[in-house]
Amino acid sequence: MQDSIARAFHDDGAVLVKGLLNKEQLARCRAAYEWAVEHHGPHATRMFAGTTQQSHVDNANPLAKQRLEALVASLPLGNLFAHIWGSRNVWYFAEEVFLKAGGQGSRTLWHQDTSYLPWAGEHWGNAWISFESVPQRNALEIVRGSHRGPRYDGTTFADPEDPTQPLHDNGALPRLPNIEAERKRDPSAYDILSWATEPGDVVLLHPASLHGGAPVDPDFPSRHTFVFRFFGDDATFRPLPKNSKARYPQQGVLFTEELTHLSPGAPFRHPTFRQVV
């Protein structure tokens, strides 16, 4: 079973693992999730009061670091990634928190995490844990095999009329394709992976994959998702473009001070990242 999961992850850049977390593990994840939403960090974007649509996104909350490291170390995710990668060591990078509620809202735009974070190498993985039964039409979508393709410029997420508005906009990276526009013209333009999931299922994603989140709707009004990010022995530092129009530092916006010592191609290492395997 694990061998087929490893093949799918390597070939496709994403794979669904059914029933990976038991009820007790899932309950502990949900309790940590609720705490993280309530005690948000400096990178959070929130829209709650006075709106019918609720949203929350947070990354690498320092208030949650110790709590989440202890949780992640008790879950089977690190050992699973070690097997998938054939990596002797696995480190936990940080979390991402997503909340969509209110029964309406736009989709999360297509992007690669590696346009925002200075990551390269085979041994990177995100573990997506949703707490609802998510229909396929409302699920995460991935372009199959795109982790093997080019690293595109990111989107700013700021212009609803232009989902490919460049983040760095300095010519160092090719512009994102307008995937949704191309799919409207030709539904078969991209080989898309997505799955209906049940609580306890985990979607594993290589962060270089092109991916985007479908919206919630009146029939599926809320989605609560925890993402835990890991890396292994073949994880290297690949700086973001110089002279980014978005003024991104080459270390990205997370753990900037910790990563200043790394040179291009260096192993991605720092004591701040908890080793779990």
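Two strands pair if DSSP finds at least two bridges between them. Helices (H or I, at least four residues) and strands (E, at least two) are DSSP runs, numbered from the N terminus. This is a predicted model, in which local features need pLDDT of at least 70, side-chain atom pairs count only at pLDDT 80 or more, and totals for chains, interfaces and linings use all residues. Residues are numbered from 1 along each chain as its sequence is written, and side-chain values use heavy atoms, with hydrogens and water left out.

**Sheet**
- Strand S8 (residues 140–143) pairs with S9 in the antiparallel sense over 2 bridges.
- In S9, isoleucine 192 is the bridge partner of valine 143.
- Both belong to an open, antiparallel sheet of 4 strands, in the order S5-S11-S8-S9.
- Strand S5 (108–111) and strand S9 (192–193) are the edge strands, each pairing on one side only.

**Whole protein**
- The protein has 6 helices and 14 strands.
- Of its 277 residues, 52% count as buried.
- Among contacts (heavy atoms within 4.5 Å) between residues at least 6 apart in sequence, 81% join residues at least 24 apart.
- The C-alpha atoms fill a box of roughly 50 × 45 × 40 Å, taken along the principal axes.

Key: Buried < 20%, exposed > 50% of the residue type's maximum accessible area, 1.4 Å probe, protein only.
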